[in-house]
Amino acid sequence: MSPQHTPTISSQGLCKRYGKVEALRSASLEVERGEIFGLIGPDGAGKSTLLRILATLLRADSGQAAVEGLDVVRDFRAIRSRLGYMPGRFSLYQDLSVEENLNFFAAIFSVAVRESYPLIWDIYRRLEPFRRRRAGKLSGGMKQKLALCCALIHKPSVLLLDEPTTGVDPISRKEFWEILAQLRRQNMAIVVATPYMDEALRCDRIALMKEGAFLKIETPKNIISRFPQTLWSVQGDPMYRLLTDLRRHEDIISAYAFGDAHHVAVRSGRISTLQLAENLKTLRYANVEVKEIQPTIEDCYIMVNG
C-alpha cells in the first residue's frame, strides 16, 4: 500500500460521551472498497454511535473521521451524497407503500428510480409483488429489503448498516447477507454492525467491541486460528452445578455456559477428555460427555473480553 493511499472509510481516536457514559473510546479503523467490515459486540458496545458519526449524524467529542477522504464534520453534505445508511430501527414512512417510499427517496436525491434499478434490481424484484403494500404492513425481512433499496437508491459507494438483521427470520437473514456479498463485488465499502457472532464469519474483517472500545481488529479466520487454549464441550446432569465444579478444577482456565453445553478452556497436556469425564462421574454427574471442539467467534470474544 502506497504512502498516498487513502482508505475509503477511516477514523482516528474517536471518542464520544453521553453524560458519564463513555460510548466510544479512541476508536480507530480503516475500511477499503470491496470490503465488508463488521462491528461485533452486544448492545451498548458503541456500534451505533460509531456508525452515526461516520454517517455525519453525530459529532464526536474528539478524534477525526473521513469517508472517501472527506471530513465527516467539514464535508458532511458531500459525504451524504456518497453514503447509504440504514439505522437500527425501521425509519421509512410506514403509511406509504413500497413504491411510494422508493419514489420519495429517489426524489430527495434527484434521481429516477428506474436509473437505480441496475444496482438494486436483485433486491427490488423480491419486493415487486408487494409494491402497493404499505411499508408498515411488511414482514421484518421485507422491511429490511425495502430500507436497503432506499439506502441504495442514489448509487452510494459506501454503505453503513446498523444491526440490519435484528428481529429478522433466518431465511431473510441469509438472503440479506447474500445481497451484501453482491454489493461487495460491485466494489462497495460496507460497514455492518451486528450482535450476532455467527454473522462475523460473513465479514472480511471484524472489530470486536466492548463498552466503546475495540478489543481486536482482524479477519474472522485469523481471530479463530489464534485462540490460545484447547477448548472442550462438556455436558452432564445437573448442568447448573457442573459449571461451578468445572470452574474449581485446577486444570481448567475458564468455563462458561454455551447453549446446551459448557465450553471449557483447559491447560494443554494436563488432563485428557477421558480423565475429566471419569472425574465428573466420580462426582456423581449423569450423562457426562466431554469432547474437543473448534472455537467460534463467540468463544474468541469471551476470551479477549477477559
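Tutor: Start with Lys174. Its relative accessibility is 46%, so Lys174 counts as partly exposed. The model is a predicted one. Lys174 forms a salt bridge with Glu178, and their closest N and O atoms are 2.6 Å apart. Glu178 is also partly exposed, at 33% relative accessibility. Both residues belong to helix 6 (residues 170-185). They sit 4 residues apart, about one turn of the helix.

The whole structure holds 18 salt bridges. One of them pairs Arg132 with Glu99, with 3.8 Å between the closest N and O atoms. Arg132 lies in the loop between helix 4 (113-127) and helix 5, while Glu99 lies in helix 3 (residues 98-108), so this pair ties together parts that are 33 residues apart in sequence. Arg132 counts as exposed, with 65% relative accessibility. Glu99 is partly exposed, at 28% relative accessible area.

Next comes Arg226, which forms a salt bridge with Glu218. Here the closest N and O atoms are 2.9 Å apart. Arg226 has a relative accessible area of 54%, so Arg226 is exposed: the cut-off is over 50%. Elsewhere, salt bridges with shared partners link Arg33, Glu68 and Arg82 into one network.

In one of them, 6 strands are arranged as an open sheet in the order 6-7-8-3-9-10, with mixed pairing. Strand 6 (83-86) and strand 10 (213-218) are its edges, and each of them pairs on one side only. On average, neighbouring strands of this sheet are turned by 15° against each other, direction ignored. Inside the sheet, strand 3 (residues 36-40) and strand 9 (residues 205-210) run parallel and are joined by 4 bridges. Leu39 has Ala207 of strand 9 as its bridge partner. Helix 5 (residues 140-152) packs on this sheet. Helix 5 touches strand 6 and strand 7 (158-162), and its direction makes about 160° with that of strand 6.

The largest nonpolar core has 48 residues, and Leu146, Leu148, Leu159 and Leu161 touch the most other members. Helix 5 gives the largest share of this core, 8 residues. A second, separate core has 28 residues, among them Leu24, Leu54, Leu160 and Val191. Take Leu159 by itself. Neighbours within four places in sequence aside, the contacts of Leu159 include Gly84, Leu148, Ala151, Leu180, Met188 and Val191. In soluble globular proteins, nonpolar side chains tend to be buried together.

Strand 11 (residues 230-237) and strand 13 (residues 261-266) run antiparallel and share 5 bridges. Trp232 stands opposite Val264 of strand 13.

Methods
Residues are numbered from 1 along each chain as its sequence is written. This is a predicted model: local features need pLDDT of at least 70, side-chain atom pairs count only at pLDDT 80 or more; totals for chains, interfaces and linings use all residues. Side-chain values use heavy atoms; hydrogens and water are left out. Two strands pair if DSSP finds at least two bridges between them. Helices (H or I, at least four residues) and strands (E, at least two) are DSSP runs, numbered from the N terminus. Axes are lines fitted to C-alpha atoms, for helices over the stretch in contact, and angles run from 0 to 180 degrees between N-to-C directions. Contact means heavy atoms within 4.5 Å. A nonpolar core is a set of buried Ala, Val, Leu, Ile, Met, Phe, Trp, Tyr and Cys residues joined through side-chain atoms within 4.5 Å. Buried means under 20% relative accessible area, exposed over 50%, partly exposed in between (1.4 Å probe, protein chains only). A salt bridge is a side-chain nitrogen of Lys or Arg within 4 Å of a carboxyl oxygen of Asp or Glu.
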